[in-house]
Structure formats: structure tokens, C-alpha cells
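Biologist: I would like to learn how to read packing in a model. Please take me through a few features, with the cut-offs.

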Amino acid sequence: MPATDKTDRAVTTVTAQEALDFHSQGRPGKLEISPTKAMATQRDLSLAYSPGVAVPVKAIAEDPNTAYDYTTRGNMVAVISNGTAILGLGNLGALASKPVMEGKSVLFKRFADVDSIDLEVDTENVDEFINCVRFLGPSFGGINLEDIKAPDCFIIEQKLREVMDIPVFHDDQHGTAIIAAAGLINALALTGRDFKTTKLVCNGAGAAAIACIELIKSMGFNSDNVILCDTKGVIFEGRTEGMNQWKSAHAVKTDRRTLAEALDGADVVFGLSAKGALSEDMVRSMAPRPIIFAMANPDPEITPEEVARIRDDAIVATGRSDYPNQVNNVLGFPYIFRGALDVRATTINDTMKIAAAQALASLAKEDVPDDVAAAYQGNRPRFGPQYIIPVPFDPRLISAIPMAVAKAAMESGVARKPITDLEAYGRQLSARRDPIASTLQRIYERVRRQPKRIVFAEGEEVQVMRSAIAYANQQLGTAILLGREERMRETAEREGIDLDRPGIQIVNARLSKRVGAYTDYLYARLQRKGFLFRDAQRLINNDRNHFAACMVALGDADGMVTGTTRNYSTALEDVRRCIDPKPGHRVIGVSIALCRGRTVLVADTAVHDMPSSEELADIAEEAAGLAKRLGYMPRVAMLAYSTFGHPKGERSERVREAVNILDKRRVDFEYDGEMAADVALNARVMEQYPFCRLSGTANVLVMPAFHSASISTKMLQELGGSTVIGPLLVGFDKSIQIVSMSAKDSDIVNMAAIAAYNASM
């Protein structure tokens with residue numbers, strides 16, 4: 001079977017001792033259970049257990065469906081095995097399978113935020129296994145069977161699906177089939193073939209092979225064009241040796257008896273057998289532009305290098321991570337269960353499997369973001385013979401696959417809780433993997449209602465082009481790429497980027513008819529600051545930040561994003577030459593930190609090095625205003641190393657004075673200080689100061705200096721596991737955002753969306 005989330009070729013670079021150390025160091029194993037509700041007080045315990053727990057117990061007894069509302073059932077999958085077919089290691093028993101099952105559970109959580117627990121059943125008796133698992137249904141929303149030998153796995157899965165009202169899914173069968181089918185869809189498209197006329201040979205007749213054959217037939221393959229082979233050769237009508245009911249179902253009328261004979265003239269071969277099962281002569285005999293899926297684990301039936309020696313027209317996929325086109329089950333099972341659980345499906349049927357395969361195939365055709373390129377060590381894959389299957393760390397999988405599965409479940413009538421708003425569901429899915437997504441959700445929704453023209457100042461950069469396309473594709477407005485069109489198109493062609501699509505506009509500064517107007521505008525601003533007219537002219541002609549900022553200043557664009565080619569302070573200085581602060585406002589930088597379900601705004605993280613008391617008060621007002629625009633009720637903490645006068649110090653005095661200034665201004669938001677960070681963020685510590693004005697923990701932190709703001713946000717990222725957005729520029733009269741030089745395309749799109757959002761306020 002193919003490499004899945006389990007052993008792959010990377011294991012050759014890991015020593016046995018390293019593997020043992022990984023599993024034993026710290027807390028042994030790979031899982032722990034953490035409560036999702038507070039357990040800090042006697043009242044918490046009373047609610048969690050006795051007497052409070054009796055209330056949901058009675059509710060569930062009256063209506064079993066409410067178990068999904070009051071317990072973990074709706075997000076809990078059991079990974080169950082008896083260890084009779086572990087990886088490529090064989091029958092090593094239930095206990096030996098536990099590291100693998102724990103790993104599977106970890107992957108459920110990592111990739112799709114599905115909670116999972118492993119259960120190892122110590123029996124090889126099929127009936128005993130079935131009777132053990134069938135009574136576990138009330139505990140789980142789904143059952144993932146794993147590493148069970150054939151044909152036992154067929155019997156077990158079929159019977160459990162009959163007697164249980166939750167999805168039962170043997171991943172070794174169906175996971176492999178779904179990923180292989182996705183790759184096959186794209187390989188057929190690239191070679192100009194279709195499902196009905198393509199001739200396919202499958203070598204191997206175990207669980208994965210049978211599932212692959214059944215799935216592609218349900219997708220339209222002609223049964224007469226599919227030949228199944230095992231160690232004894234072709235499975236043909238009338239054969240009796242080594243047969244069972246699952247093989248017999250795929251027997252065909254043919255005079256071919258060996259694998260070599262079957263492959264002569266074949267279009268496709270699926271290998272789910274053993275290393276070396278395919279010879280060069282066999283591959284040489286296949287049809288032009290052959291499709292070879294050599295998926296044996298851990299070593300393929302034939303390597304891509306061996307195929308390349310004899311064929312230069314083949315598309316090759318394997319189960320290995322060190323080759324292109326890896327058939328990896330982690331692309332499937334977490335997301336398939338995610339979609340099935342979210343609609344409370346009673347089963348995972350063929351319609352849902354096909355939908356998952358089609359969604360995977362479609363995703364491989366889309367432009368690849370930076371997160372995926374990183375998985376290829378910077379070599380950005382492009383749809384074609386070397387990239388027909390997405391890679392496991394593609395962040396788009398979490399929204400694309402579950403949505404397709406959930407929709408298919410609803411359409412096929414197995415969903416007990418249909419989803420009425422699929423677009424909103426897609427956004428919720430993205431938020432499971434990316435905490436930024438939920439925070440920015442309302443921003444994106446607002447911008448889609450009021451699309452804006454955003455100029456991307458560094459339009460010749462590859463990641464900026466990709467960001468502009470993503471901005472336009474998400475219907476946020478028009479993306480204006482600033483740069484030399486010829487250079488841009490050369491780069492776009494080389495990188496596989498399509499600039500000829502709606503919502504993309506290219507502007508060349510030197511050829512623009514607006515150069516004169518921008519030069520006059522800039523000269524009027526700078527003539528008393530030591531700049532000559534030709535200095536202003538040179539800046540407009542040669543510096544894209546100045547040109548872009550003038551576009552925004554004179555209304556030719558609604559907002560601007562820059563920063564990938566020069567440091568933050570330099571870009572900020574460029575913009576300040578062209579655009580003033582909003583009257584009565586101060587330009588500051590605000591970072592948004594997301595950690596463990598909390599969102600906190602931190603200011604000033606970009607502009608003021610050592611702010612005065614007056615400046616600190618201004619920063620508090622600007623940050624509180626941003627919090628309101630983002631939908632939060634601001635509770636502003638003016639931070640210091642001291643708390644309400646202890647210990648005393650000059651810098652804390654500035655913070656106290658800032659609070660006094662805010663008192664005089666009579667601002668309309670909660671604020672207090674000076675206080676230490678733990679007082680601001682910990683409700684129990686805050687209770688020690690009953691006079692504190694904040695009604696709850698702070699969600700806006702005003703730092704006493706830029707260096708403390710910068711240090712703290714970076715520490716949150718590295719040590720606290722926080723996600724940090726920004727710094728966002730606040731206070732300009734026009735909408736400007738600056739990204740870091742290391743920004744990925746997703747970061748740039750987020751900043752462009754924020755620029756568009758601010759432009760609409």
C-alpha cells in the first residue's frame with residue numbers, strides 16, 4: 001500500500017534511537033487529554049460533574065441527538081486496530097500497533113482539528129472484533145479502522161457499517177483509493193484520456209487495491225478495461241486458485257494470464273504490491289504517455305528514476321515523500337471525517353469519496369501559495385506531470401475537502417444536520433487551522449460588500465503578483481500591480497502566473513499619464529523641506545512607494561500595500577513624504593496577537609521609540625479605535641514594569657501621566673494603568689486590585705516603548721505559540737499598510753484586505 005501518514009522514505013534518515021527517544025522523552029507517547037472548560041473553582045467542578053452534569057444527562061436521555069451539543073461526540077473519532085497489518089511490517093499484534101494509532105490520532109488533530117483516541121483490540125477473531133467495536137458507537141462520531149489484514153478488513157467494515165449509525169471508514173482501503181483517484185483524474189486530463197476508454201491494470205489485490213478498483217469504477221471506468229492481478233497473475237473469469245469473493249467481483253474475460261501480458265498496451269498501472277514488481281520491460285510495453293502509480297510501501301514497484309531511463313513521456317506517482325506526486329493518505333482521512341462529522345453523517349458513501357477525490361484534483365490545478373512552496377524547499381510546484389496531487393501541508397485542504405464531503409453528504413441524504421451556509425462553513429473551516437482567518441473574517445466580508453482598488457507597490461515581485469491575484473480572486477476589489485509590464489509578464493510566464501484575469505490592473509510609473517500630477521503634488525509637499533522639483537520628479541519616476549502613495553493621495557487608488565523589498569522604517573518614511581496623519585490622529589503600529597483563543601491588540605509596535613505621556617495617550621486612543629473597528633469593546637491596559645505605583649520609577653510616571661491625560665479627554669472606552677502584564681491579562685491577579693477600572697482582562701495593551709512592544713510580540717510568537725498579525729498602520733489620512741520583508745503571499749493579501757477595510761471606514 002502507499003506511504004500514508006505513517007512510514008515513508010524519510011524514515012531512512014532517522015536512526016532507531018532517535019525514533020525511540022522521540023516517543024519516550026518527556027511524557028511517553030504522542031497524546032494527552034486536556035479539558036476544554038475551566039476547572040479552577042468549586043463551582044466549576046459542580047458544573048462539570050455533580051450536580052450540574054445531571055442536566056445534560058437528562059437532556060440526552062430525552063433526545064439522543066443533543067449528545068452532539070453537550071459532549072465531545074460530534075468531534076471525536078476512534079482509531080481502532082488489531083495490529084494484523086501494521087504499516088509494511090505485518091502482523092505484530094494489537095499492542096505493537098499503538099504507536100501507529102497514536103500517530104494517526106495526532107494527525108487527525110493537526111490537520112483537521114478532529115479529536116481522536118486510539119483503541120487497540122487484542123483479537124484476530126473477526127466476530128469478536130466486530131462485537132467489541134459495535135458497542136462503542138455512543139462514544140464517538142466516527143470510527144477509523146486501521147492496519148487490519150485482508151480479507152478480515154472487508155468483513156469487519158461491512159458489518160460495522162450495517163450495525164452502526166456513524167461513519168465507519170477503513171483508511172487503508174478508501175483513503176488510498178481517494179488520493180489515487182484524485183491523481184488519476186489529473187493524469188488522465190494531462191494525457192488527453194477519459195475514464196470510459198482508458199485501460200488500467202492494478203497489481204495487488206489487497207484492501208487498498210480492491211478499494212481503488214471499486215472507486216474508479218464508480219467514477220466511470222469501464223469494468224472490461226480494468227484488469228486486476230495478484231501474485232498468481234491475472235484475475236480472470238473462471239480462475240479458482242487463490243480466489244475470494246472480493247477478487248471474483250473484479251474478474252474479467254481475457255486470455256491474458258500474467259502481469260506482463262496485462263500491461264502490454266495498458267494506459268495506467270496501479271501498483272499496490274511490492275518493491276520491484278514492475279520491470280522496465282513491462283513499462284516499456286505500455287501505451288504512449290503511460291500513467292504509473294507505483295504505490296507500494298515503503299519502496300515502490302519501480303522508481304521514477306528507473307521509469308525515466310526507458311520512458312520520457314510517463315507520469316509517475318509513488319507513496320514516497322522524496323518524489324513528486326506522493327499518494328499520501330493524510331490528504332484524505334482528516335478532512336473526510338471533518339466534513340462527515342460537521343453534518344453528522346451516518347456513513348461515508350461513494351458520493352462523498354468521489355467528491356473528496358474531485359476536490360483534491362481541483363486543488364492541484366490552482367496557483368500554489370507560499371506555504372506550499374515552503375514544503376518544496378522553495379521550488380514552487382505547478383500543475384503538470386510533476387504535480388498532480390496537492391502536498392499535505394497545503395493550508396487550503398482544510399476548507400476544500402471537508403466542504404466537498406459535507407455537500408456530498410447532504411446531496412446523498414446521509415447528513416443529519418445539513419449546513420445552510422456553505423460559504424460561512426468554509427470560513428469556519430479555515431479558522432480551525434488558521435486563527436488569523438476567524439479574526440479577519442469580518443474584514444473580508446465587509447470588503448467584499450464594498451470592493452476597493454489596492455495598489456501593490458512592488459508589483460514585479462513574485463509573491464506580490466500572487467497576492468494580487470488572490471486579492472482579485474477573493475472578490476475584494478481591483479489589484480493594481482505597479483511596475484514594468486514587460487518584466488512582470490516575463491516573470492509571470494516563468495512562474496506560471498496568469499495576469500490576464502478580471503480584477504488585475506498593471507500600471508507602469510514611467511508611462512503613466514499621471515506622472516505630472518503626482519510630481520506637482522509631491523513637490524508642493526516637499527519644496528520647503530529641501531527638495532527641488534527634479535527631486536520630486538525623480539522620486540515619482542523611480543520609486544514605486546512614492547508613486548503608489550501619490551496614487552492613493554490623489555484618489556487613483558483606495559489603499560496601498562508595500563514592504564517586501566525594503567525595511568519597515570524606510571517604507572514608512574517614503575509614505576510619510578506623501579501622506580499626512582488623519583487630522584487629530586497619530587500614526588502608530590498595532591499588532592494583533594492570537595493565542596489560545598484570546599485576541600489582544602498590542603501598540604505601538606512600529607513607530608514610536610520612547611513615547612511621551614501625551615503620545616502614550618494618543619496611542620491608546622488610536623489602538624482603542626482600531627479595536628472598535630474590528631468589532632471589539634476595547635479594554636485598554638497602560639502597561640509598565642510597575643502596578644499602580646509600586647515599584648516607583650520615572651518611566652512608570654510617564655504611563656501614570658498618560659492615564660491622567662485620558663481622564664481629561666474623557667474618552668469613551670475602558671482604560672487603566674500603570675499595570676504589569678500579568679495584572680492586565682490575568683483575571684485572578686486583577687482581582688487583587690478591586691479599584692481597577694477594567695471590567696475584565698485587557699484586550700488592548702499599550703506598551704511603554706517600542707522596544708518592549710517588539711520584544712513582547714516576538715516572544716509571544718516564539719515561546720507562547722501565538723499568531724501575530726501586523727504591525728498594522730493606524731492613523732494615516734489614507735489607507736496604507738506595510739508588510740515585513742519576509743512576508744508570504746498570504747500575509748500580503750491579509751494586509752491588502754485590511755487596507756481595503758480601512759479605506760471603507
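Modeller: Start with accessibility. Buried means under 20% relative accessible area, exposed over 50%, and partly exposed in between, with a 1.4 Å probe and protein chains only. Helices (H or I, at least four residues) and strands (E, at least two) are DSSP runs, numbered from the N terminus. This is a predicted model: local features need pLDDT of at least 70, side-chain atom pairs count only at pLDDT 80 or more, and totals for chains, interfaces and linings use all residues. Residues are numbered from 1 along each chain as its sequence is written, and side-chain values use heavy atoms, with hydrogens and water left out.

Biologist: Which residues of helix 21 are buried?

Modeller: Helix 21 spans residues 485–495, and Met488, Thr491 and Ala492 are buried there. They share one side of helix 21, because they cover an arc of only 100° around the axis. That arc is taken from the directions from the helix axis to the C-beta atoms. On the face turned away from the buried side sit the exposed residues Glu486, Glu493 and Arg494.

Biologist: What do the buried residues of helix 21 pack against?

Modeller: Contact means heavy atoms within 4.5 Å. The partners are helix 20 (462–473), strand 12 (477–482) and strand 13 (504–507). Just after helix 21, Gly496 has a positive phi of about 75°.

Biologist: Now the sheets. What is the strand order in the open sheet of four strands?

Modeller: Two strands pair if DSSP finds at least two bridges between them. Here the order is 2-1-3-4, with parallel pairing. Strand 2 (115–120) and strand 4 (168–170) are the edge strands, each pairing on one side only. Strand 1 (residues 76–81) and strand 3 (residues 142–145) pair over four bridges, in the parallel sense. Ala78 has Ile143 in strand 3 as its bridge partner.

Biologist: Which strands does helix 14 touch?

Modeller: Axes are lines fitted to C-alpha atoms, for helices over the stretch in contact, and angles run from 0 to 180 degrees between N-to-C directions. Helix 14 (residues 333–342) packs on this sheet and touches strand 1, strand 3 and strand 4. Its direction makes about 160° with that of strand 3.

Biologist: How many residues are in the largest nonpolar core?

Modeller: A nonpolar core is a set of buried Ala, Val, Leu, Ile, Met, Phe, Trp, Tyr and Cys residues joined through side-chain atoms within 4.5 Å. The largest one has 106 residues, and Ile143 and Phe270 are among those with the most contacts inside it. Helix 8 gives the most to this core, with 10 residues. Apart from it lies another core of 64 residues, including Leu440 and Ile661.

Biologist: And the aromatic rings?

Modeller: A pair of aromatic rings is described by the distance of the centres and the angle of the planes. Rings of Phe, Tyr and Trp (its six-membered ring) pair if their centres lie within 6.5 Å; planes under 30 degrees apart count as stacked, over 60 as edge-to-face and the rest as tilted. The structure holds 13 aromatic pairs. Phe108 and Phe333 form an edge-to-face pair, 4.9 Å centre to centre with 70° between the planes. Phe108 lies in helix 5 (residues 98–112) and Phe333 in helix 14, 225 residues apart. Both Phe108 and Phe333 are buried.

Biologist: Which residues form one aromatic cluster?

Modeller: Phe108, Phe169, Phe333 and Phe337 do.
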